[in-house]
Amino acid sequence: MRFEIWSKAIATLDVDCLVVGVFEEGQLTGEARDLDSACGGRLRKLLARGDFQGKAAETLLIADLPGIGATRVLLAGLGPRKSFGRKIWRKAWTSAVVALSKTAVKSVALALTRPDAKELDDYYFGRAVAEIARAALYRINDLKSGKKPRSAPLERVLAGPVEKSAAAAVNRGLTHGAAIADACKVHRDLANLPGNVCTPTFLAQEARVLAKRHRSLRVRVLDEPAIRREKMGCLLAVAQGSAQPPRFIVIEHAGSGKSRSAPPVVLVGKGVTFDTGGVSLKPPPAMDEMKFDMSGAAAVIAALTLAAALDLPLRVIGLVAAVENMPDGNAVKPGDIATSASGQTVEILNTDAEGRLILCDALHYARRLRPAAVVDVATLTGACVIALGHHHSAAMGNDQALVAELVEAGVRADDRAWPLPVTEEYAEQLKSNFADFANVAGRDGGAITAAAFLGKFTQGMKWAHLDVAGTAFLGGAQKGSTGRPTPLLADFLIRRAGL
Ligand code: BES
Ligand code: MN
Ligand code: ZN
């Protein structure tokens, strides 16, 4: 799908369809008014008949209006004028693309009223147009045996109206938005795969395949003996109950020019390809959703492909700890003690708190890279879902500026995160009689004590942690990966790169 801009004379645009906004009061927006006068007042007549209410996300396709270049017009409801803003605009554009995906329309010009520039400036306007268009057409890479429904023919999207002075910013936004959507697809495709396909070995292989498509990416995969040489005892303790061997994946985007030798941004992803809980077995309801427990890894791999696709002048290194958490005769047991790569010992009181065990060894590995910042991404705790629900990811860490940077990136990317406090008291709950500390600290404040555990391995580094347990996937009828927090990470990296 290609993206362009249009600037004036909506009635003469040579496209298959125009998307035009209508408020709930039946008022025509600026662009709709131009169109209405070009076609002799037909739009007004149609609205007067009450065929279209203008409710947010409502759409109506009209064909063959006289006097205009486009063969069709899609009306898109914008809701009441007073509550119109970026959120409703996103919703309207999403439903317009979904409606068009069911037609033969190949080219479309977007002529929705734009939200206030304070809410959506030229760059983010372009970005949202492209990101939403591609995301709305995303189809789950399912393994259904029937014939695949044909994919939407939509090929060309014209964003506008865009004045000359804004063209550069909008075009830059369109390029970035398309790349973010592509990265989200990489993420979602990986996360939606079942656990019997997407194993640690598969994840490492996919990282290699993706890296081949981008010149700037280098991949190194540590197999089990190499992981052993790294003394990643906590990661190995999780892996030992599975027939699937673990993998530790290192992906580097070198950056360009001066950035090549600068301290890198290191992204660390939890890649539990299936989390049964281990010997501390999870209950059956919804256990299948634990195939999404590698969403952090998927986000990190996706973010690296984005850095490469946009050729970001920023050194970025992704670290993915990939394991399967299973119970078997060789599995780690409650009370077992593992020695982490950092030398600190951990009493594993609950084998279902496995994410922190693989991340602590990955975070220790990050130290040798002398990072400018380390951000880990993990579906880490059910407690995070209890605390924040499904709208915000949790942002924590030992550097408030870095946490704030991520929160702000989430606001701009419409992929929000909310801070939780990781003060010293929480780490005290991890006390153990037998090892340096335990891997769990009771139910209370579970998202934070998990972060406090990670904090034992990140001292001296600028570190932040995103718990995406509530945001990375949807359950129920909508079951599937959301691709979050890939948009947040994308915004973070684009800003860090100074683009
Ligand atoms: N992968 C889970 C967390 C999770 C729960 C992610 C729900 C997405 C949705 C994690 O490994 C886990 O099991 N955490 C335990 C920790 C507890 C034993 C301290 C949890 O949250 O129950
Ligand atoms: Mn678990
Ligand atoms: Zn898990």
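Let me start with a question: what spacing do the donors of the zinc ion (ligand 3) follow along the chain? The pattern is K-x4-D-x17-D-x60-E. Before we go on, one caution: this is a predicted model.

Now put residues to that pattern. The zinc ion (ligand 3) is coordinated by Lys-270 through NZ, by Asp-275 and Asp-293 through OD, and by Glu-354 through OE. Those contacts run from 2.0 to 2.4 Å. What is the geometry of the arrangement? The six donor atoms subtend angles of 78 to 175°, which makes the arrangement octahedral. For reference, six ideal octahedral donors would give 90 or 180 degrees.

Look at where two of these residues come from. Lys-270 is in strand β9, residues 265-275, while Asp-293 is in the loop between β9 and α9 (295-309). They are 23 residues apart in sequence, so the pair ties those parts together. Are they buried or exposed? Lys-270 and Asp-293 are both buried.

The manganese ion (ligand 2) sits 3.2 Å from the zinc ion (ligand 3), and Asp-275 coordinates both. The manganese ion (ligand 2) takes OD of Asp-275, both O and OD of Asp-352, and OE of Glu-354. Here the range is 2.0 to 2.2 Å. Along the chain, the donors of the manganese ion (ligand 2) are spaced D-x76-D-x1-E. There are six donor atoms at this site, with angles of 71 to 167°, and the site is irregular.

Again, check the positions. Asp-275 belongs to strand β9, and Glu-354 to the loop between β12 (345-348) and α10. This pair ties together parts that are 79 residues apart in sequence, so follow the chain from one to the other on your screen. Both Asp-275 and Glu-354 are buried.

Stay with β9 for a moment. How many of its residues are buried? The count is 11 of the 11, so β9 is largely enclosed by the rest of the structure. Its neighbour is strand β10, residues 316-325. The two run parallel, joined by 10 bridges. As one example, Val-266 stands opposite Ile-317 in β10.

Then move to helix α10, residues 355-366. Its 12 residues reach 16 Å from first C-alpha to last. That is close to the 16 Å expected at 1.5 Å a residue. The helix is mostly covered, with 11 of its 12 residues buried. Among them are Gly-355, Arg-356, Asp-361 and Tyr-365.

Let's go back toward the start of the chain. Six strands make an open sheet there, in the order β1-β6-β5-β2-β4-β3, with mixed pairing. Which strands stand at the edges? They are β1 (2-5) and β3 (59-63). Each has a single partner strand, so one side of each is left without a neighbour in the sheet. From one strand to the next, the twist averages 25°.

Four bridges join β1 to β6 (residues 156-159), and the two run parallel. Phe-3 has Val-157 of β6 as its bridge partner.

Two helices belong in this picture. Helix α1, residues 30-38, packs on the sheet and touches β2 (17-22), β4 (72-77) and β5 (107-111). Its direction makes about 120° with that of β2. Helix α3, residues 86-101, lies across β2, β3, β4, β5 and β6. It runs at about 140° to β4.

Last topic: the backbone. Most peptide bonds are trans, and most residues other than glycine have a negative phi. Here are some exceptions.

The bond from Gly-160 to Pro-161 is cis, with omega near -5°. Pro-161 is in the loop between β6 and α5 (167-192). The bond from Arg-484 to Pro-485 is cis too, with omega near 5°. Pro-485 is in the loop between β19 (480-481) and α15 (486-496).

Now phi. Ala-57 is not a glycine, yet its phi is positive, about 80°. You'll find Ala-57 in the loop between α2 (42-48) and β3. Ala-57 is partly exposed, at 28% relative accessible area. Ala-286 also has a positive phi, about 65°. Its place is the loop between β9 and α9. Ala-286 is partly exposed, at 41%.

How values were computed:
Residues are numbered from 1 along each chain as its sequence is written. Chains are lettered from A and ligands numbered from 1 in the order in which they are written. This is a predicted model: local features need pLDDT of at least 70, side-chain atom pairs count only at pLDDT 80 or more; totals for chains, interfaces and linings use all residues. Side-chain values use heavy atoms; hydrogens and water are left out. Two strands pair if DSSP finds at least two bridges between them. Axes are lines fitted to C-alpha atoms, for helices over the stretch in contact, and angles run from 0 to 180 degrees between N-to-C directions. Contact means heavy atoms within 4.5 Å. Donors are N, O and S atoms within 2.8 Å of the metal (3.2 Å for Na, K and Ca); water is not among the atoms, so sites may look incomplete. Four donors count as tetrahedral if all angles lie between 85 and 135 degrees; four count as square planar and six as octahedral if opposite donors are over 155 degrees apart and all others between 65 and 115; anything else is irregular. Buried means under 20% relative accessible area, exposed over 50%, partly exposed in between (1.4 Å probe, protein chains only). The expected span of a helix is 1.5 Å times one less than its number of residues.
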